[in-house]
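Have the model open as you read.

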Amino acid sequence: MAVPSSGEISLSRIYKEIHFCEYVGTNNVGGYYSNSSVTGPISLSGLDSDSSVRAAETNKGDSTAPYGMSEWYDYSDWEPNTIYFRVEMSEGVPENPTYRFQITTSYNGGTTRTAYVYSPGGAVDGNKLLGTDTYVNVRVDRYAPDSSVQDGAEITWFSRVDPCDSGTLTQDQALTFTNGQSIVNESYYYTNIEQAAYFKVIVIEG
């Protein structure tokens, strides 16, 4: 949640938005840009020089005295209309397969944009597909050496609306594959995506 656009705002809560991606609530996990250079008591001048402030955000302190709380109205630690994602893949089979994760969105009434993530193992984080989106399709393929599962596999799709929220992810779909089955164009389709969102896919084979 961003800093409110009007009314009384709190210095400590501005700091919380910068460092924990949350103006209100109980999130104590660092935000996307959390690498603070601020130590000691919080001050407006200190926030202006804080390296965790999102560089592209225009609603922030201008680093010039007199420093004002109102300069921080509408500050948000996440990029609006941005899709954040994380893919995780683990395997225990001799083929060491590579999976392709394809995240596709619609944009501006029909134009589609696609981001590919190839994961031979481990985890990959990213933020892509700038623009106001109306749907997101998260697709998984077993890409190499072929599409056939060697020793059973599981794919699970998760999501949450606020990419900065540290709460529990919603499990949207879970699929199980047996030895020899193909993993081609297995996907989950999300509708009514209006601002930022966070998606996570976990693949386990073997």
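Which residue in β3 is the bridge partner of Phe101? Val117 is the bridge partner in β3.

## Ground rules

A quick word on the source: this is a predicted model, with local features needing pLDDT of at least 70, side-chain atom pairs counting only at pLDDT 80 or more, and totals for chains, interfaces and linings using all residues. Residues are numbered from 1 along each chain as its sequence is written, and side-chain values use heavy atoms, with hydrogens and water left out.

## The overall picture

The protein has two helices and nine strands, where helices are DSSP runs (H or I) of at least four residues and strands are E runs of at least two, numbered from the N terminus. Reading from the N terminus, the order is α-α-β-β-β-β-β-β-β-β-β.

Of the 206 residues, 41% are buried; here buried means under 20% relative accessible area, exposed over 50% and partly exposed in between, using a 1.4 Å probe and protein chains only. Among contacts (heavy atoms within 4.5 Å) with a separation of 6 or more, 63% join residues 24 or more positions apart.

## The four-stranded sheet

Back to that pairing. Strands β2 (residues 98–107) and β3 run antiparallel to each other over nine bridges; to count as paired, two strands need at least two DSSP bridges between them. Both belong to an open, antiparallel sheet of four strands, ordered β3-β2-β5-β8.

The edges are β3 (111–119) and β8, each with a single partner strand, so one side of each has no neighbour in the sheet. From one strand to the next, the twist averages 15°, with axes being lines fitted to C-alpha atoms and angles running from 0 to 180 degrees between N-to-C directions.

## Aromatic pairs

There are six aromatic pairs. The rule takes rings of Phe, Tyr and Trp (its six-membered ring) with centres within 6.5 Å, and calls planes under 30 degrees apart stacked, over 60 edge-to-face and the rest tilted. Tyr116 and Tyr118 are stacked, at 6.4 Å centre to centre and 20° between the planes. Tyr116 is partly exposed at 43% relative accessible area, and Tyr118 is partly exposed at 40%.

Tyr135 and Tyr189 are also stacked, with 5.1 Å between centres and 25° between planes. Tyr135 sits in β5 (residues 135–144) and Tyr189 in β8 (residues 186–191), so this pair ties together parts 54 residues apart in sequence. Tyr135 is buried at 19%, whereas Tyr189 is partly exposed at 47%. Ring pairs also link Tyr116, Tyr118 and Tyr143 into a cluster.
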